[in-house]
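Trainee: Could we go through this one together? I'd like to start with the open spaces and then move to packing and strands.

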Amino acid sequence: MTRLKQLISPFRVALSPAACSLDLGDGSERGEYVNQDYILTTLGRPHRAISLMYCYYPLTRGWPKRASLAHPKDGKKGAWDYPYDDYFPFRGGPKGDAESGAFQQMRDIRRHGQEVTLTLTMDCAVPDGHIRAISRQLKPYGRMRLRLNHECDGFWFVYNKRYTYKQVADFFVRFAGILKQEAPNVQLICCWGHMDDHKTGRLRHEKDLAPILRPADVWSADQYVTLHYSWPLKPCEPEDRGKTHKIVGVDEVWRQLTGIHRRFTQLSGEDKGLEIGEFNTDGNVGGESYQLSLTENFYRRVLKEKPEFLRGITYYQFRDRGRLGLEREDPNNPENGLPIPFMAVYKKIIQESYFQPGEAWSQLKGPPTMEWRASDDSDGLGWKISLRGRPIFLELSFEKKANLMIRAGKKWLYKKPGVDLIDVTMAALQWGTAKPFPVVVFAPPADGMNPGGSKGVYTKLDRPPLMRLLYQWKKSKGR
């Protein structure tokens with residue numbers, strides 16, 4: 001008969017932000033959304049935030065269909081050659097559908113213990129009523145992040161083609177004011193910055209765009225070490241550098257980031273640090289081995305130099321139809337992903353303590369209650385299990401109704417409501433016996449939403465977890 005042992009006397013475990021947080025893109029004009037169960041199982045740990053990419057052009061003919069479907073004869077020059085950007089359409093706003101794709105994905109992300117970064121390119125002519133409706137629809141999603149009209153110093157997105165840089169900035173400021181009124185929990189991200197001349201230190205269009213720095217909660221800039229920007233229309237060949245692709249290099253990316261941050265602080269009189277809103281090296285430029293080398297070089301440089309201003313990096317993206325993903329979409333079956341060589345390296349990089357949220361363990365005072373506020377600011381429960389050998393079974397049983405993110409050793413697992421048994425045997429074997437085996441649980445909201453837009457969600461365990469720990473199997477006589 002199997003004996004189940006209660007895990008008693010839990011510790012309080014408090015999460016705090018990483019020195020440099022890691023986020024991950026999931027879905028864009030180049031790839032479909034991949035569910036968080038698959039990503040967590042593949043990578044072994046959650047990210048601070050998952051970045052989604054949508055557009056909102058409700059005043060344009062063809063909306064709310066995706067641009068490439070509404071205008072199939074356009075797009076001869078790429079995803080930005082349509083009457084509106086060829087991202088997934090965001091179907092919120094007045095009379096919007098709060099059960100549509102973006103909202104379902106946001107709930108999936110948050111129930112898996114991560115925050116949402118919603119990238120939204122938007123028509124700068126939308127009236128205040130639209131902004132107010134969208135803000136109210138985002139309010140229940142905790143400390144989510146909204147990256148509005150990113151790369152706004154560029155010329156490729158439709159909003160940049162329709163409006164001047166000053167008009168783009170004025171719209172950002174208008175949006176920020178309404179968002180603060182309706183959903184103060186949502187963090188607004190501005191994303192821009194390119195330095196043509198390091199001697200002057202000036203940024204492109206800085207006079208027009210500088211006003212967005214103060215109302216933004218987060219500063220960011222997108223950086224690609226290499227990029228095949230003519231994909232998928234033209235192949236990437238070595239002799240076509242500057243025509244189909246660019247090679248920036250790690251050193252120049254580093255100089256850009258340092259210069260952009262310095263200039264942002266000069267223009268605003270504040271210092272909000274800097275994040276990389278999109279980062280990668282394109283495998284179409286020089287091949288996937290070259291991609292691996294340059295990308296790992298950059299992450300290792302961050303680990304070595306530890307720049308205090310760099311607060312976060314978003315890897316673009318998990319699965320991609322080209323070579324800008326940890327996986328390539330399988331052309332034979334788009335539901336399958338083909339891992340690139342950098343995948344194995346990335347799985348090691350994300351385990352570095354510098355990129356991990358902090359954990360503070362303390363004695364629990366009071367009932368075993370957990371509070372989920374954000375992916376790097378929450379209170380959970382923890383146990384330390386002393387292993388006297390290599391288990392053949394180590395299973396944990398939780399109450400079925402709980403929605404839990406569980407860290408067992410170095411591996412993270414998800415338990416949805418209705419599931420009670422979680423197998424952590426392999427995690428224990430990988431951990432070994434030199435130190436007690438840690439088990440930590442956090443309780444993000446099961447539906448991915450905060451009731452009434454509250455800052456936190458409380459969960460009380462009605463019973464302690466049960467553990468099945470077996471070191472040997474008594475063999476019966478015979479074969």
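Predicted model: local features only at pLDDT ≥ 70, side-chain atom pairs only at ≥ 80, totals over all residues.

Trainee: OK, how much space lies in the largest pocket?

Mentor: The largest pocket holds about 1,500 Å³ of space, and its lining is made up of 46 residues, with W80, E151, W156, L227 and Y229 lying nearest the centre.

Trainee: And which elements give two or more residues to that lining?

Mentor: Those elements are β9, spanning 218-227, and α8, spanning 250-268; the largest share comes from β9, which supplies five residues.

Trainee: What does the lining look like by class?

Mentor: In the largest pocket, 20 of the lining residues are nonpolar, ten are polar and 16 are charged.

Trainee: What about the second largest pocket, what volume does it have?

Mentor: The volume of the second largest pocket is about 590 Å³. Of the 32 residues that line this pocket, Q356, P357, E359, R407 and W412 are the closest to its centre, and the elements contributing two or more residues to the lining are β3 (21-25), β16 (358-363), β20 (404-408) and β23 (437-442).

Trainee: Switching to packing, which residues touch the most other members in the largest nonpolar core?

Mentor: That core has 100 residues, and the ones touching the most other members are F90, F298, Y299, I313 and F342. Helix α6, residues 165-182, gives the largest share of this core, with nine residues.

Trainee: Take F342, then: what is it in contact with, neighbours within four places in sequence aside?

Mentor: With those sequence neighbours left out, F342 is in contact with L292, T295, E296, Y299, Y315, L326 and I349. There is also a second, separate core of 26 residues, and L381, I385, F398 and A443 are included in that one.

Trainee: I was also looking at F309. Where does it lie, and is it buried or exposed?

Mentor: F309 sits in the loop between α9 (288-305) and β12 (310-315). Its relative accessibility is 16%, and because buried means under 20%, F309 counts as buried.

Trainee: Which residues is F309 in contact with, beyond its neighbours within four places in sequence?

Mentor: Leaving those neighbours aside, F309 has contacts with L257, T258, H261, G273 and L274. As for F355, which is 46 residues away from F309 along the chain, the C-alpha atoms of the two are separated by 14 Å.

Trainee: On to the sheets. What is the order in the open sheet of four strands?

Mentor: The order is β1-β25-β19-β22, and the pairing is antiparallel. Strands β1 (5-6) and β22 (421-423) stand at the edges with a single partner strand each, so each has one side left without a neighbour in the sheet.

Trainee: How many bridges join β1 to β25?

Mentor: Two bridges join them, with β25 covering residues 466-470 and the pair running antiparallel; in one of these pairings, Q6 has L466 of β25 as its bridge partner.

Trainee: And what about the open sheet that three strands form?

Mentor: That sheet has the order β13-β14-β15 with mixed pairing, and its edge strands, β13 (319-320) and β15 (337-339), each pair on one side only. Between β13 and β14 (residues 327-329) the pairing is parallel, over two bridges, and D320 has R328 in β14 as its bridge partner.

Definitions and conventions: Residues numbered from 1 in each chain as written. Heavy atoms only, no water. 1 Å grid on protein atoms, 1.4 Å probe; cavity = no way out; pocket = protein on both sides within 12 Å on 5 of 7 lines; lining within 4 Å. Points joined across faces, edges and corners; volume = space filled by probe spheres on them. Nonpolar A, V, L, I, M, F, W, Y, C, P; charged D, E, K, R; others polar. Core = buried A, V, L, I, M, F, W, Y, C linked by side-chain atoms within 4.5 Å. Buried < 20%, exposed > 50% of the residue type's maximum accessible area, 1.4 Å probe, protein only. Contact = heavy atoms within 4.5 Å. Pairing = 2+ DSSP bridges.
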